[in-house]
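Open the model in your viewer and keep the selection tool at hand. This tour tells you what to pick next and what to look for there.

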Amino acid sequence: MSGKYALVIGNTEYTDSGLAKLTAPGRDAEEFARVLSSPEIAGFDEVLKFTNENVFNLNEAIEGFFLGKKPDDLLIFYFSGHGVRDESGSLFLAVKNTNRARLRSTSIKADFVREMMDQGRSRRQVIILDCCNSGAFANGTKAETGGAMGIAATFKGTGYGRVILTATDSTQFAWEGDKIIGDKITNSLFTHFLVKGLEGEADEDGDGKITVDELYDYAYKQIVSHTPKQTPGKWSYQQQGEIILRQSTRIEDIKPVPLPDDLLAAAKNSFPYVREAAVRQLDELLKGKNLGLARSARETLEHIAENDDSKTISRAAFQALEAIRQAEQGAFQKAEEERLAKLEVERIAEEERQVREQAEAERKAEAERLAAAQKAEEERIAKAKLETERLAEEKRLADQAEKERQAKAEAKRLADEKAATEQLAVQKAEEERIAKAKLEAYRLAEEKRFAEEAEKRRMAAKQEQDEKEHLAKAKLEIERLTEEKKRGEVAERQRIAKTRVEQSTQQASTTVPKPQKNTNTTSPLSIMAKIGVTFLILVTGFYAVNLSSPKSLPPTPTENDAHAVTEETSEVPLSTNVQATEPLKVVEITLWHAYGTGSAEIIELNKLINQAAVDLPQFKINAQQVPFNDIFNKYDTDVAAGGGPDMFIAPNDNLGGQARAGTIADITDLVAGKLGDYSELSQGGMMYDGKMYGLPESLKAIALWYNTDMLPEAPATTDELKALMEGGTPVAISFGCYHHWGFFGSFGGQIFDDEFNFVADEANQANVASAISYLNDLYQISVANGWPRNDSDGLAAFTEGSVAAITNGNWAIDDYRNALGDKLAVAPIPAGPGGASNSLLLVDGWYFNPNSENTEAAIEVALYLTNTAASQSMMDNAGHVPANTTVEVTDPLIQGLLDAFSTSYFRPQVEAMGYYWGNFCGTDQVFDAGTPAADWVKTAFEGATK
């Protein structure tokens, strides 16, 4: 038995941005599949429908659709979507993953459809294309103006019994829905009238049949009557007979054909015999071949049977209807028998198919078993061969290694022998060298000994000669002294001299060197020499004692003394005509700040500016307060207009954007070598693209503040924090995307890598999702207990003592300290399974106007306002966490904040940071709407990396 089968494809969505999204094809496919599969309409045995499917699955479905069908099977292939032609004119049907640069691999090629039609056995094939051939689609259409699609040539192929219907094949558009019709339908124009026609409108002759030709004629007339912009097309090849798409057997399914007016008038005539004749004519029409007239005749007879006042005429009408009902009953019974017979045939065929399939499966299984056994045997033989080859190779390598080992051993033996020979030669040479050195040393020692002895002999001779000379001189002196004995005082002197001579003789005997030889004898000459020398010494001493000393003279000035005098006299002014010193030139520096009126920050800043007037008299500092909400906008606006202050202080919220816009000055070279006292973290927060754009003043980040009366010790881990909240301890967590950042690190998650690219791999996404899931757990606990869920709501709750802890930045330190005093403590955001937390670090710093003519002076002022003394003052009195590392920290809260910030991640100044705020701040989708954390994180990373 023949069957009727359809493959329906519609595509509305395209990944190629050059293919516009359509609205009609999805509805087209659905509606056309509905009328084909409806038993009351076309009654197709099987309708396969695909919407927005990829090309691989569609090509596989097309091949399976055309192959394996019988010759008398009716096949309909329907496509609604974009039609695209390449440069050679070939037609392609665009689907979801079509890439216009890769048409042959990403779309349905018309040649492929034709090839499948040619290979199929069916001789009744209908192709319906509701598309055109273009790449730039506008005005809600499926095509652009261009050449004809060439449908006739494309799908003619070698088959016969083939009919092709198209929405258009010229330079026209395939119009969609209410763009033309205006009645708010959602089908395309062509498909809309195909559906209407199959629903019965195309059966204009009322014979109960709707053929392909009738359907096309109906659609054609309707489309051209609605718009001249679209003309459908039809081609047929070797068509034999009619191709019936719908065959109505029930008279109520037939479109009624109006009865002749004279017959209708006769049926209503007042004369019974005229009405009776009309009943006979209606009976003939009821039994005739024109089913449309038969339906109208039946309806008229039913009216007469129920309403005619003549029983004869009413009975005649009833009998005519009864006859047709019995015929219909017989036809129905016959159709039911045929249906049951068909089902039985199909059942038997199915059983036979199953038997064949089972036999084929068993045959294939046996073949596979034998093939597997053969393959296993081949693998065993191959493995054995490989093992034999491996063993042979191992033996060859072992033999080769043994030969190499023996060769190395022989080479080593020869080398050792050579080394030993060389060592003996070296040793012998060394022994000969040592022997020669010893002989040379002995020779030199002998020469030295001979020389020393000669020198001793020379010295002894010289000493003897000197003694002779001294003795002669002493003799002369004795003679002179003898003459003086005549005087009385000489006698005393002689006595003294004699005494001294005796003493000197004893001393001389120990001091005068003795000759080396003849030490046991003393010559008279030697004794006389000693006496003479002694006497000469005594005489000299006598005159030294008795002669009057000359008067002291002023010391002669030395070179140093002269230098000293010169230095003293240089202090005396050389001239009294001294010119007056020039007056100090004062540079005015204007700075902006956003410190609140009456705050500790503005009080301390004013103190520093007053002290600067003393310490930096060359500068006049003019401070101006600007509200924080206005400071960035006002500064950028004034700078863009060529004005603005010389410097201003603010967080690094806008540093990257201002650096890119050129509204803050690059001070890299101006502060080179001057930043040694500032922490690396704070310097990093003032940089963009490797350049310094600000001078850091203080640090800010999220930490965990707690009331020690309610919570003696802060939770160190995320598990401890969660257990604390589950146990009923009230904690105010701030559930915002800035506050969340620190928890990402606790679970091993990253937003950026070292190059500030988003880390979107699956493993990292899982870690970030774990952090969001954990925060969702805390959020649900907070909701259930009515606890605050942001820093603004939690401020009063924490200072009033209704919550034990809160996550917030150190900008609230003064409020917390004033309310809680010594009960206030601070700790880092708890660490988690992924490590320490890493809160997003903000840096407050001084920025400088590129329009300023006093940039260097402004930097000097900023260095003064952030030096050790200034930073100490702002820390002690205003609660600032200093960027200057030379400050002495004694406040446990400040130290706690520094500890918490040690693992922080300074806020990057890259443009990609904007994509973080735009994609990771919608956590209400997780916390309130119930979106799974993993799905939300995946969507956030996808949005950030587009």
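Which residues of helix 7 are buried? Select helix 7, residues 212–226, and find Val212, Glu214, Leu215, Tyr216, Tyr218, Ala219 and Ile223. Buried means under 20% relative accessible area, exposed over 50%, and partly exposed in between (1.4 Å probe, protein chains only).

Before moving on, note that this is a predicted model, where local features need pLDDT of at least 70, side-chain atom pairs count only at pLDDT 80 or more, and totals for chains, interfaces and linings use all residues. Residues are numbered from 1 along each chain as its sequence is written, and side-chain values use heavy atoms, with hydrogens and water left out.

**Stop 1: helix 7**

Helices (H or I, at least four residues) and strands (E, at least two) are DSSP runs, numbered from the N terminus. Helix 7 has 15 residues. From first to last C-alpha it reaches 21 Å, close to the 21 Å expected at 1.5 Å a residue. The expected span is 1.5 Å times one less than the number of residues.

Now show what surrounds the helix. Its buried residues pack against strand 7, strand 8, helix 6 (189–201), strand 9 (209–211), strand 10 and strand 11 (244–247). Contact here means heavy atoms within 4.5 Å.

**Stop 2: ring pairs**

Stay on helix 7 and select Tyr216 and Tyr220. They form a tilted aromatic pair, 5.8 Å centre to centre with 45 degrees between the planes. Rings of Phe, Tyr and Trp (its six-membered ring) pair if their centres lie within 6.5 Å; planes under 30 degrees apart count as stacked, over 60 as edge-to-face and the rest as tilted. Why are the two separated by about one helical turn? Because Tyr216 and Tyr220 are four residues apart in helix 7. Tyr216 counts as buried, at 10% relative accessibility. Tyr220 is partly exposed, at 32%.

Jump to Phe752 and Phe758. Their ring centres are 4.8 Å apart and their planes meet at 50 degrees, so this pair is tilted. Phe752 counts as buried at 3%, and Phe758 at 14%. Both belong to a cluster linked by ring pairs, whose members include Trp741, Tyr905 and Trp936. The structure holds 30 aromatic pairs.

**Stop 3**

Select the open sheet of six strands, in the order 2-1-3-7-8-10, with mixed pairing. Two strands pair if DSSP finds at least two bridges between them. The edge strands, strand 2 (46–51) and strand 10 (233–237), each pair on one side only.

Zoom in on strand 3 (residues 74–80) and strand 7 (residues 124–130). They run parallel, joined by seven bridges. One partner pair is Leu74 and Arg124.

Helix 4 (residues 110–119) lies across strand 3, strand 7 and strand 8 (162–166), at about 155 degrees to strand 8. Axes are lines fitted to C-alpha atoms, for helices over the stretch in contact, and angles run from 0 to 180 degrees between N-to-C directions.

**Last stop: helix 16**

Select residues 628–640, which form helix 16. Its buried residues are Ile631, Phe632, Tyr635 and Val639. They pack against strand 12 (587–593), strand 14 (647–651), helix 17 (655–661) and strand 22 (840–848). After the helix comes Gly642, with a positive phi near 95 degrees.
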